[in-house]
Amino acid sequence: MAGIEPDSVMGRPVEPDADEPVLAEFRADRLVYWRSHLVMAVVLGTAAGLVLLWQGNPWPVAGPLGAVLAIGARAAYLAPEALADVWRLTDRRLIGPAGRIVPLPQVALARPFLGAVQVVTRAGDKHLMKYLADPAATAARILSAAGKA
(Lines give C-alpha, C1' and ligand atoms only; values in the text may rest on other atoms or scores of the structure.)
Protein backbone atom coordinates (compact mmCIF):
# COMPACT_ATOMS: atom_id res chain seq x y z
CA MET A 1 0.00 0.00 0.00
CA ALA A 2 1.37 3.40 -0.97
CA GLY A 3 2.09 5.88 1.81
CA ILE A 4 0.27 9.16 1.90
CA GLU A 5 2.55 12.16 1.59
CA PRO A 6 1.77 15.02 3.97
CA ASP A 7 0.52 18.22 2.40
CA SER A 8 3.22 20.88 2.13
CA VAL A 9 0.89 23.31 3.92
CA MET A 10 1.20 21.26 7.10
CA GLY A 11 4.95 21.88 7.41
CA ARG A 12 7.75 19.46 8.11
CA PRO A 13 9.04 18.04 11.39
CA VAL A 14 11.64 20.19 13.16
CA GLU A 15 14.41 18.75 15.28
CA PRO A 16 16.24 20.60 18.08
CA ASP A 17 19.66 22.01 17.26
CA ALA A 18 22.69 19.96 18.29
CA ASP A 19 23.47 22.34 21.17
CA GLU A 20 19.82 22.64 22.26
CA PRO A 21 18.96 20.30 25.14
CA VAL A 22 15.47 18.83 25.28
CA LEU A 23 14.05 19.55 28.73
CA ALA A 24 10.82 17.59 28.31
CA GLU A 25 8.76 15.70 25.74
CA PHE A 26 4.98 15.79 25.82
CA ARG A 27 3.26 12.93 23.99
CA ALA A 28 -0.41 12.28 23.38
CA ASP A 29 -1.80 9.74 25.85
CA ARG A 30 -3.81 6.84 24.41
CA LEU A 31 -6.12 6.53 27.46
CA VAL A 32 -6.93 10.27 27.41
CA TYR A 33 -7.60 10.08 23.66
CA TRP A 34 -10.11 7.24 23.96
CA ARG A 35 -11.69 8.70 27.11
CA SER A 36 -12.31 12.04 25.38
CA HIS A 37 -13.94 10.28 22.44
CA LEU A 38 -16.09 8.20 24.80
CA VAL A 39 -17.30 11.37 26.53
CA MET A 40 -18.02 12.94 23.13
CA ALA A 41 -19.98 9.86 22.04
CA VAL A 42 -22.06 9.81 25.23
CA VAL A 43 -22.87 13.53 25.12
CA LEU A 44 -23.65 13.65 21.40
CA GLY A 45 -25.51 10.32 21.51
CA THR A 46 -27.69 11.60 24.32
CA ALA A 47 -28.38 14.81 22.41
CA ALA A 48 -29.24 12.87 19.26
CA GLY A 49 -31.61 10.58 21.18
CA LEU A 50 -33.33 13.54 22.85
CA VAL A 51 -33.82 15.29 19.50
CA LEU A 52 -35.35 12.13 18.06
CA LEU A 53 -37.65 11.80 21.09
CA TRP A 54 -38.68 15.45 20.76
CA GLN A 55 -39.52 14.87 17.09
CA GLY A 56 -41.67 11.86 18.00
CA ASN A 57 -39.45 9.34 16.22
CA PRO A 58 -40.50 5.74 17.05
CA TRP A 59 -36.83 4.62 17.10
CA PRO A 60 -34.93 7.19 19.23
CA VAL A 61 -32.22 4.63 20.01
CA ALA A 62 -30.92 5.17 16.46
CA GLY A 63 -29.46 8.53 17.51
CA PRO A 64 -27.18 7.28 20.28
CA LEU A 65 -26.26 4.17 18.29
CA GLY A 66 -25.36 6.23 15.22
CA ALA A 67 -23.36 8.71 17.30
CA VAL A 68 -21.37 5.95 19.01
CA LEU A 69 -20.62 4.21 15.71
CA ALA A 70 -19.67 7.44 13.90
CA ILE A 71 -17.48 8.81 16.68
CA GLY A 72 -15.90 5.39 17.26
CA ALA A 73 -15.05 5.06 13.56
CA ARG A 74 -13.64 8.59 13.52
CA ALA A 75 -11.56 7.92 16.64
CA ALA A 76 -10.16 4.67 15.23
CA TYR A 77 -9.33 6.31 11.89
CA LEU A 78 -7.58 9.36 13.40
CA ALA A 79 -5.86 7.62 16.34
CA PRO A 80 -2.54 6.87 14.60
CA GLU A 81 -2.16 10.51 13.55
CA ALA A 82 -3.36 12.08 16.80
CA LEU A 83 -1.32 9.78 19.04
CA ALA A 84 1.87 10.42 17.05
CA ASP A 85 1.99 14.09 18.09
CA VAL A 86 5.07 14.94 20.15
CA TRP A 87 5.88 18.35 21.58
CA ARG A 88 9.48 19.00 22.70
CA LEU A 89 10.40 21.67 25.21
CA THR A 90 13.97 22.91 24.91
CA ASP A 91 15.82 25.70 26.68
CA ARG A 92 14.94 28.02 23.75
CA ARG A 93 11.63 26.97 22.23
CA LEU A 94 8.65 24.67 22.18
CA ILE A 95 8.77 22.44 19.10
CA GLY A 96 5.51 20.89 17.97
CA PRO A 97 4.30 18.59 15.23
CA ALA A 98 4.08 19.78 11.61
CA GLY A 99 6.87 22.29 12.05
CA ARG A 100 5.25 24.38 14.77
CA ILE A 101 7.80 26.40 16.71
CA VAL A 102 7.14 28.72 19.65
CA PRO A 103 10.19 30.59 20.96
CA LEU A 104 10.04 30.62 24.78
CA PRO A 105 10.37 34.43 25.04
CA GLN A 106 7.22 34.68 22.91
CA VAL A 107 5.09 32.53 25.27
CA ALA A 108 2.53 34.80 26.88
CA LEU A 109 0.30 32.13 28.40
CA ALA A 110 0.07 28.36 28.79
CA ARG A 111 -3.05 27.03 30.45
CA PRO A 112 -5.08 23.85 30.72
CA PHE A 113 -8.04 24.09 28.36
CA LEU A 114 -10.71 21.35 28.21
CA GLY A 115 -8.22 18.57 28.91
CA ALA A 116 -5.55 20.02 26.62
CA VAL A 117 -2.97 22.80 26.95
CA GLN A 118 -3.41 26.08 25.10
CA VAL A 119 -0.18 27.98 24.45
CA VAL A 120 -0.69 31.61 23.46
CA THR A 121 2.14 33.77 22.10
CA ARG A 122 2.61 37.51 22.50
CA ALA A 123 1.52 37.91 18.88
CA GLY A 124 -1.74 36.12 19.70
CA ASP A 125 -0.97 32.82 17.96
CA LYS A 126 -2.61 29.89 19.68
CA HIS A 127 -1.33 26.31 19.76
CA LEU A 128 -3.30 23.41 21.24
CA MET A 129 -1.47 20.45 22.74
CA LYS A 130 -4.12 17.73 22.79
CA TYR A 131 -4.64 14.45 24.69
CA LEU A 132 -2.01 15.02 27.39
CA ALA A 133 -2.03 12.91 30.54
CA ASP A 134 -1.52 15.90 32.89
CA PRO A 135 -2.38 19.23 31.23
CA ALA A 136 -1.88 21.30 34.39
CA ALA A 137 1.65 19.98 34.95
CA THR A 138 2.48 20.48 31.26
CA ALA A 139 1.31 24.10 31.34
CA ALA A 140 3.29 24.73 34.54
CA ARG A 141 6.42 23.18 33.00
CA ILE A 142 6.16 25.37 29.88
CA LEU A 143 5.62 28.53 31.92
CA SER A 144 8.54 27.62 34.17
CA ALA A 145 10.85 27.14 31.17
CA ALA A 146 9.64 30.44 29.71
CA GLY A 147 10.38 32.20 33.01
CA LYS A 148 6.70 33.06 33.59
CA ALA A 149 6.11 30.98 36.73
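Modeller: Let's start with Ala 41, which counts as buried at 8% relative accessibility. Here buried means under 20% relative accessible area, exposed means over 50%, and partly exposed is in between, using a 1.4 Å probe and the protein chains only. Before we go on, this is a predicted model, where local features need pLDDT of at least 70 and side-chain atom pairs count only at pLDDT 80 or more, while totals for chains, interfaces and linings use all residues. Residues are numbered from 1 along each chain as its sequence is written, and side-chain values use heavy atoms, with hydrogens and water left out.

Ala 41 sits in helix α1, and that helix is the part I'd like to look at. Helices (H or I, at least four residues) and strands (E, at least two) are DSSP runs numbered from the N terminus. The helix covers residues 30-54, and Val 43 is in it too. Although Pro 64 is 23 residues from Ala 41 along the chain, their C-alpha atoms are separated by 7.8 Å. Ala 48 is another residue of α1, and at 25% relative accessibility it counts as partly exposed. From Ala 48 to Ala 110, 62 residues apart along the chain, the C-alpha atoms are separated by 34 Å.

Now for the surface. Val 39, Met 40, Val 43 and Leu 44 together make a nonpolar patch of about 330 Å². Patches are made of residues with over 30% relative accessible area and no salt bridge, joining like charges within 9 Å and nonpolar side chains (Val, Leu, Ile, Met, Phe, Trp, Tyr) within 5 Å. The areas come from the Shrake-Rupley method with a 1.4 Å probe, and for residues only the protein chains shown count as cover.

Rolling a probe the size of a water molecule over the atoms shows where empty space is left. On a 1 Å grid over the protein atoms alone, a pocket is an open set of points with protein on both sides within 12 Å along at least five of seven lines, unlike a cavity, where a 1.4 Å probe fits but cannot get out; lining residues have an atom within 4 Å of a point. Grid points are joined across faces, edges and corners, and the volume is the space filled by probe spheres set on them. The second largest pocket holds about 310 Å³ of space. Helix α1 gives the largest share of its lining, 5 residues. In total 13 residues line this pocket, and those nearest its centre are Ser 36, Leu 114, Gly 115, Ala 116 and Tyr 131. By type, the lining has 8 nonpolar, 3 polar and 2 charged residues. Ala, Val, Leu, Ile, Met, Phe, Trp, Tyr, Cys and Pro count as nonpolar, Asp, Glu, Lys and Arg as charged, and the others, Gly among them, as polar.

Most residues other than glycine have a negative phi, and most peptide bonds are trans. Leu 114, however, has a positive phi near 50°. This residue is in the loop between β5 (107-113) and β6 (116-121), and is exposed, with a relative accessible area of 80%. Tyr 131 has a positive phi as well, of about 60°. Its place is the loop between β7 (126-129) and α3 (135-145), where it is buried at 16%.

Finally, a word on charges. Side chains of opposite charge can pair when their charged atoms come close. The whole structure has 5 salt bridges, each a side-chain nitrogen of Lys or Arg within 4 Å of a carboxyl oxygen of Asp or Glu. One of them joins Arg 92 and Asp 19, at 3.1 Å from N to O. That pair links distant parts of the chain, 73 residues apart: Arg 92 is in the loop between β2 (86-90) and β3 (93-95), and Asp 19 is in the segment before β1 (22-27). Glu 20 and Arg 93 form another, with their closest N and O atoms 2.9 Å apart. Because Glu 20 lies in the segment before β1 and Arg 93 in strand β3, this pair also ties together parts 73 residues apart in sequence. Glu 20 is buried at 4%, and Arg 93 is buried at 15%.
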